[in-house]
Amino acid sequence: MMEHLTIKRKKTRPVYVGDVQVGGGAPIVVQSMTCTDTRDVKATIEQIGRLEDAGCELARVAVPDREAAQSLVNIKKDIKIPLIADIHFSHILAIEAIKNGVDGIRINPGNIGKEKIREIISAAGERDVAIRIGVNAGSLEKEMLSKYGGPTPAALVESALNSIAVFEDMGFYSIKVSLKSSDVATMVAAYRLISDKTDYPLHLGVTEAGSIISSSVKSSIGIGILLYEGIGDTIRVSITGDPVTEADIAYRILRTLNIRRVGPDIISCPACGRCEIDLFRLVEEVEKRLAGMKEYMKIALMGCVVNGPGEAAEADIGIAGGRGLGMLFKKGEVIRKVKEENLVDVLMDEIEGEVASRRKHAE
Ligand code: SF4
């Protein structure tokens, strides 16, 4: 069997957001942020429910005004995963969100001011609410910008360290830190730098990453480089689109690096001139039918019977297309021939059988 490289993770201290541990050796936590109007309680709960089904472990919502802050009470009642309030500028809203039962808040201390930050810290301390110090290249303090000539990695890190000092002065250590930038190189350099200077858990993300394709590339590179170096405790892939896709891509990044094996890892060949089936349609259909599957399994979808089983020998289960007649194979061994029109159904049956037998063994 092929040996996988093991990534040595940097030790960070554990911080709890509700009952979810972030850092301190816990599995890397996948989180996302809703794109509903938080005042629309029903829509927000519905979207968080879909995120939960997709395996998302922390949900963040924007809290732009008092009505949104009040909605948190009802949202919290109907969701299973911890809730984080995203606050900009207003310490009043941060305190109200804390009082309304959120498990964590995210603030950018740079746009709130020290005195008001202290009020937030004291409210969070009373209720065991974790705080993410979310420094963002786009909203860095003026003094940092002029000292460093722009939102450089060093400027982001100094801003975060200054904020951490204010929290620590008040004996508050339930902190996570993020240093986001839409520039991947800046983001990677900033996290590397801060990872050497603090052991608070780090929340990784590329901000304003764009649409699905653009964000998948930027996030995979930015978050992927850092995770590969052992840096990072929780990740958020940011997409202009459905947040459920964010969770899906986040898990794909973790699977690709063999960090967390959750869900099906579908491998498919590029369909060269030897391809004997409509592989594009087949991949689309299999992905659709496996959406929501939590068990890890490497599933191969290959275009021809001549090379398919061999090329995908490391897959747990796979199918290879043939003119009228395809093949089902496991770990590179052909199990049986299958009529082309039945390939997907047979594959699904085999996957379900495999999942059931794994569950039985685990009992
Ligand atoms: Fe081409 Fe067959 Fe390889 Fe797919 S499995 S890339 S169709 S040779």
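A salt bridge here is a side-chain nitrogen of Lys or Arg within 4 Å of a carboxyl oxygen of Asp or Glu. The side chains of arginine 252 and glutamate 287 form such a pair, with N to O at 3.7 Å.

The model is predicted, so to speak of local features requires pLDDT of at least 70, side-chain atom pairs count only at pLDDT 80 or more, and totals for chains, interfaces and linings use all residues. Residues are numbered from 1 along each chain as its sequence is written, and side-chain values use heavy atoms, with hydrogens and water left out.

The protein is split into domain 1 (15-256) and domain 2 (264-362), with bounds from an automatic or database domain assignment. The C-alpha centres of domain 1 and domain 2 are 38 Å apart. Four residues of domain 1 are in contact with five residues of domain 2, contact being heavy atoms within 4.5 Å.

Between the two domains about 330 Å² is buried, and carbon and sulfur atoms give 41% of this area. Buried area is the accessible area (1.4 Å probe) that two parts lose on being put together, summed over both. In domain 1, Asp53, Arg252 and Arg255 lose the most area to domain 2, together 89% of what that side buries.

The rule finds one salt bridge across the interface of domain 1 and domain 2. The side of domain 1 that touches domain 2 has no nonpolar, one polar and three charged residues; Ala, Val, Leu, Ile, Met, Phe, Trp, Tyr, Cys and Pro count as nonpolar, Asp, Glu, Lys and Arg as charged, and the others, Gly among them, as polar.
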